[in-house]
Amino acid sequence: MKKFEFRLQKVLEYRQAMENWAQEAYLETRVARLEAEAVLSGVDERRKECLHRKADTLEARQLLEITLQSLDDDEKAQILVIDVLKTEEEKALNVWQEKKRELETIVKLRDKSYEDWKLEETRREQAELDEWAVLRRGA
């Protein structure tokens, strides 16, 4: 019995690599977004710390106001960064899903080809057994 060989094995391997690369790209964009959200949480924490400080003097209140304004600016900038990263993450997810579908198509072709090969091998073996049985009766 000869070994099964899929005609499109190189295409299958290439599609597997493409799917892996797309998955890695998606995961990288997801990590970047999560890190940006962590930075935003850090800004919120700093704001809470600033609001709990006592500002008894005019200078302390002015410094607090400047600090809070700076944190507001940081928050707005970080929200914009997160929005961009979310868009990139969605694009990367769509690419990954597309590559996954392409891979699944080739895998289905391979599975169908394997089933056809198995059926053909079974038929060939049965024909050999039938021929052997006929020759044996004749002897």
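The model is predicted, with local features needing pLDDT of at least 70 and side-chain atom pairs counting only at pLDDT 80 or more, while totals for chains, interfaces and linings use all residues. Residues are numbered from 1 along each chain as its sequence is written, and side-chain values use heavy atoms, leaving out hydrogens and water.

**View A. Glutamate 75 and arginine 47 form a salt bridge.** A salt bridge is a side-chain nitrogen of Lys or Arg within 4 Å of a carboxyl oxygen of Asp or Glu; the structure holds twelve. Here the N to O distance is 3.3 Å. The pair links distant parts of the chain, 28 residues apart: arginine 47 lies in helix 1 (residues 9-52) and glutamate 75 in helix 2 (residues 58-138). Helices are DSSP runs of H or I, at least four residues, numbered from the N terminus. Arginine 47 is buried at 16% relative accessible area, and glutamate 75 is partly exposed at 21% (buried is under 20%, exposed over 50%, partly exposed in between, with a 1.4 Å probe and protein chains only).

**View B. Glutamate 98 pairs with arginine 101 in a salt bridge.** The N to O distance is 2.8 Å. Both residues sit in helix 2, about one helical turn apart because they are three residues apart. Glutamate 98 is partly exposed at 35%, as is arginine 101 at 45%.

**View C. Glutamate 121 and arginine 124 meet in a salt bridge.** Nitrogen and oxygen are 2.9 Å apart. Glutamate 121 is buried, at 7% relative accessibility, whereas arginine 124 is partly exposed, at 30%.

**View D. Salt bridges link Arg30, Arg33, Glu37 and Glu89 in a network.**

Notes:
Helices (H or I, at least four residues) and strands (E, at least two) are DSSP runs, numbered from the N terminus.
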